Amino acid sequence: MNAVLQINDLETILYTEAAPVRAVDGLTLQIMRGETFALLGESGCGKSMTALSVMRLLPDSGEILGGSVRLGGEDLLLLPEAAMRGIRGKRVSMIFQEPMLSLNPVMTVADQIGEVLQRHFNLRGAVAQKRIQEILDQVGIPDPARRMNEYPFQFSGGMKQRMMIAMALAGEPELLIADEPTTALDVTIQAQVLDLMRNLQQRDGMAILFITHDLGVAAEIAHRVGIMYAGEIVETATRDAFFRGPAHPYSRKLLASLPGRDKRRQGLRLAAISGNVPPLSHEFAGCRFADRCDHAWELCHEVAPGWTALAGEQQVRCHLFNQNWGSRVREQQFKDERLESADQNSGEPDKSDTGPELMNHESGVADSCLLSVTDLKVYFPIHKGFMKHVVGYVKAVDGVSLEICQGKTLALVGESGCGKTTVGKGILQLIPPTGGSVRYGGLELVGLERNRLRKLRGELQLIFQDPYSSLNPRMRIVDIIEEGMNALNIEEDSKAGHAERASGTNRNKVDKLLESVGLSPETKWRYPHEFSGGQRQRIAIARALAVNPKLIVCDEPTSALDVSVQAQILNLLKELQNNLGLAYLFITHNISVVEYIADEVAVMYLGRIVERGSVDEVLTSPRHPYTQALLSAVPVIEPESKRQVIHLHGDMPSPSNPPPGCHFHPRCPHVMPVCREVYPATSTFSSSHTARCYLYPQEQG
Amino acid sequence: MSFKPVILWTDALVYLLVAAVILFAWYVWRNEHLWAPWRRVGHSASGMAALTVLVFFVIIGLLDTVHLRPAVENDSGGETVYSVEVLSLFDVIATPLRTQVEKTYSAPFAAHLYARETIEHPGGGQTREFPRLKFGAAHLQNPEAQLATDIAWRAAAGGGLGLFFWCLIVASLTLLLAHRSGEAFLSMLSTIRRGATAIPWNAVCVTLALILVLCGAALTLCGSYHILGTDKVGQDVFYQSLKSIRTGLVIGTLTTLMMLPFALLLGITAGYFRGWVDDVIQYLYTTLSSIPGVLLIAAAVLMTQVYMETHPELFDTVASRADLRLLFLCIILGVTSWTGLCRLLRGETLKLREMEYIQAAHAFGVSHWRILSRHILPNVMHIVLITTVMDFSGLVLAEAVLSYVGVGVDPSTISFGTMINAARLEMARDPMVWWSLLAAFSFMFALVLSANLFADAVQNAFDPRVKTLSARVRALRRKRREEPEAKSSPTRTESSLPS
């Protein structure tokens with residue numbers, strides 16, 4: 001048997017205050033040499049607990065109840081702790097999600113890697129130094145001889161993740177466990193890291209257990225895929241088989257909930273999975289997915305399905321495919337239903353589905369725009385010395401111009417640290433802009449007094465990224481929603497009639513708002529901690545809607561959510577736009593969300609917009625080299641699409657000291673001498689599509 | 001009327017505090033998310049045992065807070081004249097203890113004084129011997145022979161009485177719990193004994209048994225003996241120790257009350273507004289905390305003392321004067337000790353102000369004052385709570401130290417500090433007078449230890465960073481381990497993957 005890792009019936013339990021949670025419940029999997037097994041699933045499914053069980057690094061409250069974890073024939077669960085220490089870092093290594101938190105900030109990189117070498121190979125001194133250099137060279141750190149003696153803070157995020165990989169590889173492990181290794185990284189950096197892992201695997205032939213929630217990443221790197229749901233694996237298949245034809249209803253739903261351009265074109269709503277992952281504290285009688293499954297019948301609630309082998313290596317835990325139950329018929333029915341529901345959805349009126357011509361026409365006229373931002377600048381001073389004099393500025397936003405029209409969505413795309421969020425806050429005057437103008441309906445917002453600005457607050461609202469920190473944990477939902485109404489004295493409710501006043505009206509309105517975001521009015525008496533992430537985001541949306549806004553700045557509203565929940569929120573946002581005519585400034589780094597929801601796109605790099613245009617123009621024919629690289633780095637699921645990933649070297653420079661000339665030139669594959677000197681002027685490709693790059697004819701003036 | 005109620009300054013503040021605590025408790029009980037951490041406090045065995053002891057202390061402290069002036073027997077006329085002596089309810093209850101004053105030192109359970117005296121015999125001639133006490137063991141004919149048996153008998157009777165009350169309390173508690181959970185009385189009793197209830201009632205019951213047995217024994221004995229001896233002027237040390245409890249509690253709680261407004265207001269505004277407000281407040285507390293606290297307290301206390309001595313007309317009784325001095329001590333301690341909490345709150349507010357819900361409030365144009373009171377204040381309350389509970393024991397100890405140095409409470413106020421101060425000289429003499437110090441020490445130790453244990457339980461329950469396994473979870477885990485292994489290895493025929 002040549003399986004490197006063979007897990008059989010692993011059962012891990014977490015003791016909590018209320019009841020023990022069966023985090024991993026009878027998990028079985030095997031990984032061959034040189035194979036990458038991707039464990040996919042939403043948060044709370046027990047993916048990380050599986051990894052920690054293999055390493056035997058569970059938290060104090062966790063305990064492995066049964067099963068076996070065999071590494072090359074040796075059961076890790078039977079080893080004493082002392083022997084286990086010889087295995088961790090030597091035969092099994094692990095990479096964690098947050099490179100910033102996994103490296104010790106007061107030790108140099110060489111010391112941290114040296115620890116592994118000393119522990120497992122007894123290498124010291126010059127020999128160890130040489131080996132460290134070799135390893136760093138392998139993971140693509142430039143100038144390793146010098147950089148190995150630097151501290152983690154001197155490296156960027158992507159470099160730190162490379163360091164983590166280097167540390168993990170130092171023991172030359174047979175098995176590498178990667179727990180969401182690219183989730184905290186930008187797409188361009190993610191592409192680099194995935195590429196690195198693939199190359200290292202090809203060379204050394206180690207097995208990788210790759211834990212991720214991102215279907216795209218799994219499609220990029222995995223050889224085989226296991227879908228995990230509520231503590232157990234519900235489907236395993238080779239990558240190609242899985243992405244060509246997922247079998248389990250849960251897998252199908254997950255794939256269908258991914259946003260994308262095709263779905264937008266067809267005017268489809270995203271397939272959201274209703275409900276949440278069930279709590280793992282109680283015993284399951286039947287199939288764990290039965291409550292959320294559209295195809296569940298009585299049997300599903302009574303008998304837990306066993307494994308059914310389909311074609312090839314694909315196996316699934318679902319009654320639909322069991323021969324004894326007449327699966328073929330069922331499956332046929334299943335497919336028909338799917339088509340039907342698609343038809344239904346496309347039948348719905350979709351106001352936002354306007355053709356590009358109409359849009360171009362509108363955006364050409366600046367006056368019709370709800371919000372127009374010209375040359376917005378937000379600088380943060382850098383203080384230094386005893387008297388705190390200003391020695392420089394972090395130019396977070398450096399001359400951004402954009403327009404948003406009534407009922408339209410502008411997506412602001414860029415990597416972390418490029419100033420997207422600052423633009424949003426600068427527009428809302430939550431951060432006072434340093435220069436430029438923000439005109440809302442013809443009224444200049446920059447420099448407006450606090451009192452006059454307050455009257456406008458209701459029109460411009462904000463939805464945050466993290467639904468856990470955007471709701472005050474000590475306030476009830478009704479208080480949270482009413483707060484804005486009370487602060488802004490929303491009395492004249494134009495839609496509901498004029499007669500009502502006072503808190504009775506507010507209460508009615510809160511009920512209506514909660515219903516409009518898909519929550520029952522009874523929930524208003526509860527506190528935020530009783531809700532899941534998706535529900536909290538709905539509450540945050542209801543809070544913003546309470547003051548009748550015209551424009552909502554959505555600051556990465558779905559990036560902290562699972563795909564199925566993301567689909568729910570995107571559907572909701574789109575529905576609200578259709579019904580209320582809201583305009584969105586949608587700040588995101590997720591290209592597939594942009595494809596689904598945006599009308600126009602602006603790509604930002606280091607405080608400036610490098611390219612903008614309608615969503616089709618920018619995403620199908622990107623002009624700026626940065627946009628091209630960004631789009632090529634996005635992992636895609638279609639196995640057929642053979643795309644060329646444009647690798648960007650290095651990271652985004654610091655906005656306190658941007659490179660002269662075009663900001664992108666140090667990483668640009670097409671760099672020319674002129675790029676290093678002056679920032680390029682606008683090049684226009686159509687009435688809406690513009691970019692700032694010397695590759696294209698420059699506009700004069 | 002045979003008495004006239006008197007409300008001293010500290011009394012009023014204590015009443016206010018009790019009212020505030022009751023209101024707060026009611027509010028917390030109504031709100032599930034506020035109630036949840038308190039329930040976690042309730043699950044801690046050491047915390048609940050400590051709370052039982054604290055409740056006992058608090059009851060004595062509260063009894064000692066209700067002050068009155070009894071009427072004096074008066075032949076001269078119709079109008080009642082009230083005594084200049086202010087008594088508390090506790091004093092009235094403990095009248096025998098208070099009034100049975102010996103001549104000077106006597107050891108615990110002694111029948112004779114601790115010092116020899118020259119006694120003139122009626123038949124002429126003098127002897128130097130230890131005279132019999134006026135009250136202690138006065139009922140015994142022959143103390144040498146009877147003392148031990150009498151003490152044992154009375155202690156046993158008192159302990160038995162205590163045990164009887166304890167049985168009554170446990171029975172009613174079990175009945176109540178059984179009624180609530182719908183179980184039978186006996187099964188509920190065994191559940192409590194095994195510690196399988198959510199709130200560790202067994203720990204509470206054991207502590208209660210200890211307290212009640214001790215109390216019962218002490219109560220039956222203290223009528224006819226000085227169970228902790230007497231001090232230099234013959235006052236009962238047991239009575240003094242019980243009186244000191246109130247002083248300690250008042251210092252511990254009222255000082256917190258004095259310091260909270262400073263710490264909350266300044267800490268939160270500094271963290272929220274940043275800029276020059278922050279600078280000013282930071283300089284203020286940095287300066288204040290770099291002046292030695294004792295120096296500041298000594299200066300302030302001496303100043304108030306001089307003022308009080310030059311204006312005797314302001315106080316109609318000695319008690320009100322002593323009380324005002326106690327209050328001033330609280331205020332001064334409060335003024336010097338707010339910096340630590342202020343610094344903590346500033347830091348927490350700096351973190352909170354960047355939270356997204358605060359920004360959302362800004363986006364709604366909510367005023368600064370409302371953001372401070374509705375968003376920030378409720379979210380720092382757990383820190384305030386943890387700090388005040390932790391500070392309590394420190395303040396009780398601080399009072400003892402200050403009174404020992406001589407800048408603490410008024411000499412007429414009985415407190416742990418004054419007891420220790422009075423006892424310190426006697427430590428050097430031979431034979432040594434040890435009981436005053438020991439009594440003060442053990443009472444203070446019990447109070448501070450239980451306050452600290454309770455503070456620990458509160459911190460564990462409120463601090464999200466402390467994620468220790470509760471005793472219950474550990475018990476669950478143990479139980480599961482003890483289950484036969486055979487059960488945990490599942491039948492793996494159906495569920496395992498065919499390979």
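The model is predicted, and it scores ipTM 0.77 and pTM 0.78. Chain A has an open sheet of eight strands and an open sheet of four strands. Chain B has strands that run antiparallel, among them strand 1 and strand 2.

**The eight-stranded sheet of chain A**

- The strand order in this open sheet is 6-7-8-3-9-10-12-11, and the pairing is mixed.
- Strand 6 (92–95) and strand 11 (308–309) of chain A stand at the edges with a single partner strand each, so one side of each has no neighbour in the sheet.
- Inside the order, strand 7 (residues 175–179) and strand 8 (residues 207–212) of chain A run parallel and are joined by five bridges.
- One of the paired positions is Ala178(A), whose bridge partner in strand 8 of chain A is Phe210(A).
- Helix 1 (residues 47–55) of chain A packs on this sheet, where it touches strand 3 (36–40), strand 6, strand 7, strand 8 and strand 9 (224–229) of chain A.
- The direction of helix 1 of chain A makes about 150° with that of strand 7 of chain A.

- Strand 5 of chain A is joined by two bridges to strand 4 (residues 62–71) of chain A, and the two run antiparallel.
- In that pairing, Leu71(A) has Glu74(A) of strand 5 as its bridge partner.
- Helix 1 of chain A also lies across strands of this sheet, namely strand 1 (3–14), strand 2 and strand 4 of chain A.
- Relative to strand 2 of chain A, helix 1 of chain A runs at about 70°.
- As a general point about such sheets, side chains in a regular strand alternate between the two faces.

**Strand pairing in chain B**

- Strand 2 (residues 67–72) of chain B is joined to strand 1 (residues 3–6) of chain B by four bridges, and these strands run antiparallel.
- Within this pair, Pro5(B) has Leu68(B) as its bridge partner.
- Strand 2 of chain B also runs antiparallel to strand 4 (residues 87–88) of chain B, with two bridges between them.
- Opposite Ala71(B) stands Tyr82(B), in strand 3 of chain B.

**Helix packing in chain A**

- Helix 18 (residues 477–488) and helix 20 (residues 533–545) of chain A pack at an angle of about 30°, with their axes 7 Å apart.
- Angles under 35 degrees count as roughly parallel, so helix 18 of chain A is roughly parallel to helix 20 of chain A.
- The crossing of these two helices is right-handed.
- Helix 18 of chain A brings Ile477(A), Ile480(A), Ile481(A) and Gly484(A) to the contact, while helix 20 of chain A brings Ile539(A), Ala542(A) and Arg543(A).
- By class, this contact has five nonpolar, one polar and one charged residues.

**Helix packing in chain B**

- Helix 9 (residues 237–273) and helix 15 (residues 368–405) of chain B have axes that come within 8 Å and cross at roughly 145°.
- Helix 9 of chain B passes helix 15 of chain B in a right-handed crossing.
- Residues of helix 9 of chain B in this contact include Gly248(B), Ile251(B), Gly252(B) and Tyr272(B), and those of helix 15 of chain B include Leu372(B), Val380(B), Asp391(B) and Glu399(B).
- The residues of the contact divide into twelve nonpolar, six polar and two charged.

**Confidence**

- The mean pLDDT of chain A is 82, with 90% of its residues at 70 or more.
- In chain A, pLDDT stays under 50 over residues 336–367, for which the model has 30 contacts beyond four places in sequence.
- Over residues 491–501 of chain A, pLDDT also stays under 50, and the model has six contacts of that kind.
- The mean pLDDT of chain B is 84, with 91% of its residues at 70 or more.
- Within chain B, confidence is highest in helix 13 (residues 339–352), at a mean of 93, and lowest in helix 19 (residues 485–488), at 40.
- For residues 484–499 of chain B, pLDDT stays under 50 and the model has 20 contacts beyond four places in sequence.

How values were computed:
Residues numbered from 1 in each chain as written. Chains lettered and ligands numbered in written order. Predicted model: local features only at pLDDT ≥ 70, side-chain atom pairs only at ≥ 80, totals over all residues. Pairing = 2+ DSSP bridges. Contact = placed C-beta atoms within 7 Å. Axes fitted to C-alpha atoms, helices over the stretch in contact; angles between N-to-C directions. pLDDT = per-residue confidence, 0-100. Parallel < 35°, antiparallel > 145°, perpendicular 65-115°, else oblique. Left-handed = near helix turned anticlockwise from the far one by under 90°. Nonpolar A, V, L, I, M, F, W, Y, C, P; charged D, E, K, R; others polar.
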